[in-house]
Amino acid sequence: MAKKRRKLNKDFERQIYSSKKNVELVLAKIYDISDEDIQNEYMSAFNGVVDLFNNLKEDYDQLGFNDNSEEILKSYKNAFNLFESEFEI
């Protein structure tokens, strides 16, 4: 049986790309923190956001745009906004 093609969505791909850049920027800022304890605290808090982004990207790469895509993106954005509101970076 032929494998089902994944559904693509250009707008969603732009949002993933933008999210990737945001994650990379925050990670760069965290790595620039000279105090190791503070850096570890920020990294621990940001790991959840990174995990959600990786889940979002992997889901899209494997399945394409699907019913869960918007929900995963919403969860990622909520986690990112929560991190930004709790940690000054």
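Is E13 buried, partly exposed or exposed? With a relative accessibility of 26%, E13 counts as partly exposed; here buried means under 20% relative accessible area, exposed means over 50%, and partly exposed lies in between (1.4 Å probe, protein chains only).

**Before starting**

The model is predicted, so local features need pLDDT of at least 70 and side-chain atom pairs count only at pLDDT 80 or more, while totals for chains, interfaces and linings use all residues. Residues are numbered from 1 along each chain as its sequence is written, and side-chain values use heavy atoms, with hydrogens and water left out.

**The whole chain**

Display the complete protein as a cartoon. Three helices and zero strands are present; helices (H or I, at least four residues) and strands (E, at least two) are DSSP runs, numbered from the N terminus. The order along the sequence is α-α-α. The radius of gyration of the protein is 15 Å, well over the 12 Å that the globule rule gives for 89 residues, so the protein is more spread out than a compact globule. This radius is taken over C-alpha atoms, and the globule rule is 2.2 Å times the number of residues to the power 0.38. Along the principal axes, the C-alpha atoms occupy a box of roughly 55 × 20 × 15 Å. Of the 89 residues, 30% count as buried.

**Helix α1**

Select residues 10–31, which form helix α1. Begin with K10 and show its side chain together with that of E13. These two side chains form a salt bridge, with an N to O distance of 3.8 Å; the term denotes a side-chain nitrogen of Lys or Arg within 4 Å of a carboxyl oxygen of Asp or Glu. K10 and E13 are three residues apart in helix α1, and therefore about one helical turn separates them. K10 counts as exposed because its relative accessibility is 60%.

Proceed along helix α1 to K21 and E24. Their closest N and O atoms are 3.5 Å apart, in another salt bridge. K21 and E24 are also three residues apart in helix α1, about one helical turn. K21 is partly exposed at 39% relative accessibility, and E24 is partly exposed at 37%.

Next, select I30, which is also in helix α1. Its relative accessibility is 0%, so I30 counts as buried.

**The negative patch**

Select D35, E36, D37 and E41, which form a negative surface patch. A patch of this kind joins like charges within 9 Å, using residues with over 30% relative accessible area and no salt bridge. Within this group, E36 belongs to helix α2 (residues 36–63). E36 counts as exposed because its relative accessibility is 55%.

**Further along helix α2**

Finally, select K57 and D61. Which atoms of K57 and D61 are 3.1 Å apart? They are the closest N and O atoms of the salt bridge that K57 forms with D61. Both residues lie in helix α2, four residues apart, about one turn of the helix. K57 is partly exposed, with a relative accessible area of 32%, and D61 is partly exposed at 38% relative accessibility. The whole structure contains four salt bridges, including those of K10 with E13, K21 with E24 and K57 with D61.

Methods: Patch = residues over 30% accessible without salt bridge, like charges linked within 9 Å, V, L, I, M, F, W, Y side chains within 5 Å. Areas by Shrake-Rupley, 256 points an atom, 1.4 Å probe, with all protein chains shown as cover. Lys, Arg positive; Asp, Glu negative; His and termini not counted. Charge placed at Lys NZ, Arg CZ, Asp CG, Glu CD.
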